[in-house]
Amino acid sequence: MKYVEGFVVAVPAANKEAYKKLAAATAPLFKEFGATRIVECWGNDVPDGKVTDFRGAVKAEADEVVVFSWIEYPSKEVRDAASQKMMTDPRMKAFGDQMPFDGKRMIFGGFETILDQ
């Protein structure tokens, strides 16, 4: 079964176009490193929760939008190899230097697929 790496980040609403441009520019690299699918979703119905929620998880400020994204890989092993390549590839470093959001507030993790219909 495929392996999924998921991300949630708060992006200033004013940086939407910059975020889209960065996502479009990095997607081919993720594919080069082994990803089979990259999905980026701009939040437009992200309610405040009573106990916890997406906005709280990334400490989103009033002028920020929650972005939910995931990258699919054929396996955890391919994802792990891709992560190593990303950490050392100078192209990824250059993109990291121009992120249109606060990367310290990004949450992410790897997930084993248990249902895919």
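## Starting at Thr 52

At 62% relative accessibility, Thr 52 counts as exposed; the word exposed is used for over 50% relative accessible area, buried for under 20%, and partly exposed for what is in between (1.4 Å probe, protein chains only). Thr 52 sits in the loop between E2 and H2. Helices (H or I, at least four residues) and strands (E, at least two) are DSSP runs, numbered from the N terminus. From Thr 52 to Gln 117 there are 65 residues in sequence and 28 Å in space, C-alpha to C-alpha.

This is a predicted model, in which local features need pLDDT of at least 70 and side-chain atom pairs count only at pLDDT 80 or more, while totals for chains, interfaces and linings use all residues. Residues are numbered from 1 along each chain as its sequence is written, and side-chain values use heavy atoms, with hydrogens and water left out.

## The enclosed strand E1

Let us move on to a strand. Is E1 largely enclosed or open? Nine of the ten residues of E1 are buried, so this strand is largely enclosed by the rest of the structure.

Ten bridges join E1 to E3, and the two run antiparallel; here two strands pair if DSSP finds at least two bridges between them. Within this pairing, Pro 12 stands opposite Glu 64 in E3. E1 and E4 also run antiparallel, joined by six bridges, and Val 8 stands opposite Ile 107 in E4.

## Strand E3 and its end

Strand E3 covers residues 64–73, and Glu 72 belongs to it. With a relative accessible area of 8%, Glu 72 is buried. Not counting residues up to four places away in sequence, Glu 72 touches Lys 2, Tyr 3, Val 4, Ala 35, Thr 36 and Arg 37, where contact means heavy atoms within 4.5 Å.

What does Tyr 73 contact, leaving aside its neighbours within four places in sequence? Its contacts include Lys 2, Tyr 3, Phe 30, Ala 35, Val 78, Arg 79, Ala 82 and Met 86.

Lys 59 has a positive phi of about 50° although it is not a glycine. With a relative accessible area of 62%, Lys 59 is exposed.

Helix H3 (residues 76–88) has 13 residues and reaches 19 Å from its first C-alpha to its last, close to the 18 Å expected at 1.5 Å a residue. That expected span is 1.5 Å times one less than the number of residues.

Which residues of H3 are buried? They are Arg 79, Ala 82 and Met 86. These residues cover an arc of only 60° around the axis, which puts them on the same side of H3; the arc is that of the directions from the helix axis to the C-beta atoms. An α-helix has 3.6 residues a turn, so residues three or four places apart point the same way. On the other side of H3, Glu 77, Gln 84, Met 87 and Thr 88 are exposed. The cover over the buried residues of H3 includes strand E1 (3–12), helix H1 (16–32), E3, helix H4 (90–96) and strand E4 (107–112).

## The nonpolar cores

A nonpolar core is a set of buried Ala, Val, Leu, Ile, Met, Phe, Trp, Tyr and Cys residues joined through side-chain atoms within 4.5 Å. The largest has 19 residues, of which Tyr 19, Phe 30, Tyr 73, Met 86 and Met 92 touch the most other members. Two or more residues each come from E1, H1, E3, H3 and H4, and the largest share, five residues, comes from H1. A second, separate core of five residues includes Val 8, Ala 10, Ala 60 and Val 66.

## Aromatic pairs

Rings of Phe, Tyr and Trp (its six-membered ring) pair if their centres lie within 6.5 Å; planes under 30 degrees apart count as stacked, over 60 as edge-to-face and the rest as tilted. The count by this rule is five aromatic pairs. One of them, between Tyr 19 and Trp 42, is tilted, at 6.4 Å centre to centre and 50° between the planes. Tyr 19 lies in helix H1 and Trp 42 in strand E2 (residues 37–42), so this pair ties together parts that are 23 residues apart in sequence. Tyr 19 is buried at a relative accessible area of 8%, whereas Trp 42, at 25%, counts as partly exposed.

The rings of Phe 68 and Trp 70 also form a tilted pair, with centres 5.6 Å apart and planes at 50°. Phe 68 is partly exposed at 37% relative accessible area, and Trp 70 is partly exposed at 21%. Finally, ring pairs link Tyr 19, Trp 42 and Phe 101 into a cluster.
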